[in-house]
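The entries below follow the order in which I went through it.

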Amino acid sequence: MAFMHIRRAISFLLLSMLALPAAAVAQETPGDSADEPERAHPLFDEGKLLATGGVSQVEGAAGGGLSTWAVIGGYGTDDGIGVTVHETFIGLRSFSLNSVGVAAGLYDRVELSYVHQTFNTGNTGAALGLGKNFKFDEDVYSAKLRLFGTLVYDQSTWVPQTAAGLQYRVNDRPDILHAVGAKDADGVDFYVAATKLFLSESVLAATTLRFTRANQFGILGFGSAAHDGYQPEFEGSLAYLVSKRFAVGAEYRTKPSNLGFSEQNVYDLFAAYFLNKHASVTLAYVDLGTIETRQDQNGVFASLQLGI
Amino acid sequence: MSRRIRQIAALAAVIAFLGFAAPARAQSALYDDLGGKDGTAAIVGGMVDNALADDRIKAVFDNINIPRLKGLLAEQFCTLVGGPCNYHRRSMKDTHAGLDLHEADFNALIEDLEAAMDARDIPWATQVKLLAILAPIEHDVVKQ
């Protein structure tokens, strides 16, 4: 029952955010100078600098590959909107995860995203009696609000761009998740993210504090009979901009360990190439540790993002 | 006695070097990396030429004396990167008041500047040092 309320609250939040553009348009007043030619400011203004919208992280928010950044996704400035779509494939020794998602950045203030994920249990599915390559599906709905700070322009202060967000995940097979020991098939994460660009050094540093009950990012549900409370977890990214279109870096993310097997912290080493403001490709080596009872789940992360 | 004076003089020289010479050198290093007086002027000139051909922002430069603008900007950039120039003019806020500039316009000019620096083979590691100095100006020129 509680989740129905949360779901309703999120729907309301998303709808109110979508109403913002209409309010902003209504407030605009016509220019009063006659001699100045009116310059058009397109709604999809693609006005941010290359790469400053980040890429799509695994849960659909703008960020690195695994970690969430405080940036608002896409290339819309504070006068515009940017929309991105992405597909991400994570191939591990025993499992794979495929994600397809969409995100909208509104006025460099609000980011709304949706991701549909398919988790393939591979050989483990057969071992669990589910059948080889047994798959289950998940939906992740997220909202992020930029609180203060600007990534690029605050170069003379230490203030990072800072955002708060929430993320709701629902899984379509509660029976499977209950069988592996999860208490719930859906749940909400809350986070605060701070991202700082040290432009003169070509370095970006991002940290996020996430409050979560998730098992393996929520792919294996939320909580367990023994451990069900929210826990603070850390996400960190360090990226080096080799050029304006090429970044390399590393990420680290801690996770709760609610289920019987011991869940580990994860990291990746990534390279992202920004072809232009409409396309970027991210490749990474990921090490997700033990998933279910399968150890050393490392492998490849590949993501393509397209946007306007 | 004279030995002691020599020691003190040497110490003073070291302090003076650390205190004055090092930062001065560090500041003008960027000026040198951008190509000094001629290089800075050429980068600024290239940026303005790119902006005049940039459909997103060329209208901003209507009714502006372009040679004079290039001269003023060259002087300003030279000052900002620690070169031997002394730009003291009206504030950025005042000069951009009423121009209806948006963040996208500022970034368009930054992209025109990057293209001008690319054309002169300025390495990215040098470009970002100039961009980091210019970035905070966004707060002064946008929506004034």
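**Helix packing in chain B**

I began with a pair of helices and noted that α2(B) passes α5(B) in a right-handed crossing, where right-handed means that the near helix is turned clockwise from the far one by less than a right angle, and left-handed that it is turned anticlockwise. Helices here are DSSP runs of H or I with at least four residues, strands are runs of E with at least two, and both are numbered from the N terminus. I keep in mind that this is a predicted model, in which local features need pLDDT of at least 70 and side-chain atom pairs count only at pLDDT 80 or more, while totals for chains, interfaces and linings use all residues. Residues are numbered from 1 along each chain as its sequence is written, and chains are lettered from A and ligands numbered from 1 in the order in which they are written.

I then looked up the geometry: α2(B) and α5(B) pack at an angle of about 130 degrees, with their axes 8 Å apart. The axes are lines fitted to C-alpha atoms, for helices over the stretch in contact, and angles run from 0 to 180 degrees between N-to-C directions. The two helices are therefore oblique to each other, given that angles under 35 degrees count as roughly parallel, over 145 as roughly antiparallel, 65 to 115 as roughly perpendicular and the rest as oblique. On the α2(B) side the contact is made by I43(B), G46(B), M47(B), N50(B) and A51(B), and the α5(B) side includes L109(B), D112(B) and L113(B); two residues are in contact if their C-beta atoms, placed from the backbone, lie within 7 Å.

Next I checked α2(B), residues 36-52, against α3(B), residues 66-80, and found that their axes come within 9 Å and cross at roughly 130 degrees. That makes α2(B) oblique to α3(B), and the crossing is right-handed. Among the residues making this contact are V44(B) and V48(B) of α2(B) and L69(B), L73(B) and F77(B) of α3(B).

**α5(B) by itself**

Is α5(B) largely enclosed or open? I found 13 of its 17 residues buried, so α5(B) is largely enclosed by the rest of the structure; a residue is buried if 20 or more other C-beta atoms lie within 10 Å of its own, exposed if 12 or fewer, and partly exposed in between, with C-beta atoms placed from the backbone. I also noted that D121(B), which follows α5(B), has a positive phi near 55 degrees.

**Where the chains meet**

I recorded that 18 residues of chain B are in contact with 20 residues of chain A. On chain B, the elements giving two or more residues to this side are α5 (103-119), α6 (124-134) and α7 (138-141), and the largest share, six residues, comes from α6(B).

For chain A I wrote down three helices and 16 strands, with buried residues making up 46% of its 308 residues.

Most residues other than glycine have a negative phi. D296(A) sits in the loop between β15 (279-287) and β16 (298-307) of chain A, and it counts as partly exposed with 13 C-beta neighbours inside 10 Å. K143(B) has a positive phi of about 55 degrees and lies in the segment after α7 of chain B.
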